[in-house]
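The exercises below are meant to be worked through with the sequence and the 3D structure at hand. Try each task before reading its solution.

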Amino acid sequence: GFFYNPNIHPFFEYLKRKEALNKVISNMDTFKLHFTDYNIRDFFQSIGEETDKLKRCYLCWRFRLEKTASWASNNNFDVFTTTLLVSPYQNQDKIRQLGKEIAKKFDIDFFYEDFRIGFSSAHKEAKENGIYCQKYCGCIYSYLERCKK
């Protein structure tokens, strides 16, 4: 696995998500996970000064999917995918389109499946097992939207 999320803000939220993922995989003997260093500057450089929410999300997805595909290709994987495909709040069509484009760029396959069908049950199971569940996508913009509500 590859955990690359420079978009997550604030830093303690990043740590909560990292800890939750480590908790989930702790019983999986064969699952190895690579964490990158946290660098929110990467996120801001990827979105530039974009103010439109949909365009900003697209730029963020593209940036993170490119990093994922690059890492997967450089580590001899045949395929890559993303946990974005679990969320009912993300644009599946755009993510699938991006995944296919990026797959061609890095000469690796993109695995697409609409995992949203399992979102509610997975969320319920996580809560029952004391695993942290995020309350926003992760970026500072979604954090501010959540705070305003």
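**Exercise 1. Find the residue whose side chain makes a polar contact with the side chain of Asn5, and describe the surroundings of Asn5.**

Solution. 
1. The model is predicted, and side-chain atom pairs in it count only at pLDDT 80 or more.
2. The partner is Arg64: its side chain and that of Asn5 make a polar contact at 3.1 Å.
3. Asn5 sits in the loop between E1 and H1.
4. Leaving aside residues up to four places away in sequence, Asn5 touches Tyr14 and Tyr38 as well as Arg64.
5. The relative accessibility of Asn5 is 16%. Buried means under 20%, so Asn5 counts as buried.

**Exercise 2. Locate the cis peptide bond between His9 and Pro10, and the residues other than glycine, Asn76 and Asp107, with a positive phi.**

Solution. 
1. Most peptide bonds are trans, and most residues other than glycine have a negative phi.
2. The bond from His9 to Pro10 is cis, and its omega is near -5°. Pro10 belongs to the loop between strand E1 (2-3) and helix H1 (11-25).
3. Asn76 has a positive phi, near 65°. Its place is the loop between helix H3 (53-74) and strand E3 (79-80).
4. Asp107 also has a positive phi, near 55°. This residue lies in the loop between helix H4 (92-106) and strand E4 (109-110).
5. Are these two residues buried or exposed? Exposed means over 50% relative accessible area. Asn76 has 69%, so Asn76 is exposed. Asp107 has 73%, so Asp107 is exposed too.

**Exercise 3. Work out how the buried residues of H1 are placed around the helix axis, and what they pack against.**

Solution. 
1. H1 has 15 residues. From first C-alpha to last, H1 reaches 21 Å, close to the 21 Å expected at 1.5 Å a residue.
2. The buried residues of H1 are Glu13, Tyr14, Arg17, Ala20 and Ile25.
3. These residues cover an arc of only 130° around the axis, so they are on the same side of H1.
4. The buried residues of H1 pack against E1.

**Exercise 4. Name the residues of the largest nonpolar core that touch the most other members, and follow Ile102 and Phe110 to their neighbours.**

Solution. 
1. In soluble globular proteins, nonpolar side chains tend to be buried together.
2. The largest nonpolar core has 13 residues, of which Leu65, Phe80, Ile95, Ile102 and Phe110 touch the most other members.
3. H3 and H4 each supply at least two residues of this core.
4. Ile102 touches Arg62, Leu65, Glu66, Ala69 and Phe80, not counting residues up to four places away in sequence.
5. Phe110 is found in strand E4. With a relative accessible area of 13%, Phe110 is buried.
6. Phe110 and Gln90 are 20 residues apart in sequence, and their C-alpha atoms are 17 Å apart in space.

**Exercise 5. Describe the protein as a whole: its pattern of elements and its dimensions.**

Solution. 
1. The protein contains six helices and four strands. Along the sequence, they follow the pattern β-α-β-α-α-β-α-β-α-α.
2. The radius of gyration is 15 Å, close to the 15 Å that the globule rule gives for 149 residues, so the protein is as compact as a globular protein of that length.
3. The C-alpha trace spans about 40 × 40 × 30 Å along its principal axes.
4. Of the 149 residues, 33% count as buried.
5. Among contacts between residues at least 6 apart in sequence, 69% join residues at least 24 apart.

Key. Residues are numbered from 1 along each chain as its sequence is written. This is a predicted model: local features need pLDDT of at least 70, side-chain atom pairs count only at pLDDT 80 or more; totals for chains, interfaces and linings use all residues. Side-chain values use heavy atoms; hydrogens and water are left out. Buried means under 20% relative accessible area, exposed over 50%, partly exposed in between (1.4 Å probe, protein chains only). The expected span of a helix is 1.5 Å times one less than its number of residues. The arc is that of the directions from the helix axis to the C-beta atoms. Contact means heavy atoms within 4.5 Å. A polar contact is a pair of N or O atoms within 3.5 Å; within protein, one must be able to donate a hydrogen and the other to accept it, and residues adjacent in sequence count only if both atoms are side-chain atoms. A nonpolar core is a set of buried Ala, Val, Leu, Ile, Met, Phe, Trp, Tyr and Cys residues joined through side-chain atoms within 4.5 Å. The radius of gyration is taken over C-alpha atoms; the globule rule is 2.2 Å times the number of residues to the power 0.38.
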